[in-house]
Each structure stands twice: as C-alpha cells, then as structure tokens.
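Here's a quick walk through this one, helix by helix and contact by contact.

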Amino acid sequence: MPGPGYRTNGNGIVSGEWMNCVGNLMLMAGRQNSSLGNRPFREKLEVHGKDNLLDQQKEVKEFVADKDSPVWDRACIEKRFDKIIETAETIWSLDAI
C-alpha cells in the first residue's frame, strides 16, 4: 500500500502516491475517462454505474462514507484496495488448487 503522500482539493485525491494505488484505479473506456476528466467526484459518481457493463464502477459508491456529500479520499481508496486484494486472494488462492 502506498505511503501517506497525497494532496486533496476538497473533492478528494488530486495528486501523490495514492493516485496510482490499485484502490484508486478503474477500468473504463478511454473516451469515458476523457469525458470525466477532472470533474468533481460528485459528478463522476453520478456517471458511474450508468450505461456500462462494469460492476466496479457501480461499487465505488459503497466505499464513500457520506453519500450526501461524497468525497473520494484516502479512506475510500484504502477500503477499495483491501477489497480488491481480498477478492484476488480468494480467486487465485493456492488452497483452491
């Protein structure tokens, strides 16, 4: 997991080690990523889960603490990171072989 270095702008993470953490990364089409750009997280959250086939975009909402004033911050990234690692360990467990 990345170190503590990150910067926020009130809407969440905007730079630092947390930007490239697996918990902050999401699969999406290049044009969708470009269209979302640097919009505030609240706007991105409204788009996630609409007209796409990837559940990972819909599940982002479960990591946000305050649904009325959503912010994508270090705590959200850590929760998502932990879930991704737990899922990967379950799927690719050597015990399952």
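On one side of H4, you'll find Glu86, Glu89 and Thr90 exposed. Keep in mind that this is a predicted model. H4 itself covers residues 74–91, so to speak a run of 18 residues by the DSSP assignment. From first C-alpha to last, H4 reaches 26 Å, close to the 26 Å expected at 1.5 Å a residue.

Now turn to the other side of H4 from those exposed residues. Which residues of H4 are buried? They are Cys76, Ile77, Arg80 and Phe81.

Next, see what they pack into. The largest nonpolar core has 10 residues, and Cys76, Ile77 and Phe81 are among them. H4 gives the most to this core, with three residues. Helix H2 (41–47) also gives two or more residues, and Phe41 and Leu45 are on the core's list. Other members include Cys21, Phe63, Val64 and Trp72.

Val60 belongs to this core too. Setting aside neighbours within four places in sequence, Val60 is in contact with Met26, Phe41, Leu45 and Trp72.

One step back in the chain, Glu59 lies in helix H3 (residues 55–59). Not counting residues up to four places away in sequence, Glu59 touches Arg80 and Lys83. With Lys83, the link is a side-chain polar contact of 3.3 Å. Arg80, the other partner, is one of the buried residues of H4.

Methods. Residues numbered from 1 in each chain as written. Predicted model: local features only at pLDDT ≥ 70, side-chain atom pairs only at ≥ 80, totals over all residues. Heavy atoms only, no water. Helix = DSSP H or I, 4+ residues; strand = E, 2+ residues; numbered from the N terminus. Expected span 1.5 Å × (residues − 1). Buried < 20%, exposed > 50% of the residue type's maximum accessible area, 1.4 Å probe, protein only. Polar contact = N/O pair within 3.5 Å; in protein donor to acceptor, adjacent residues only side chain to side chain. Contact = heavy atoms within 4.5 Å. Core = buried A, V, L, I, M, F, W, Y, C linked by side-chain atoms within 4.5 Å.
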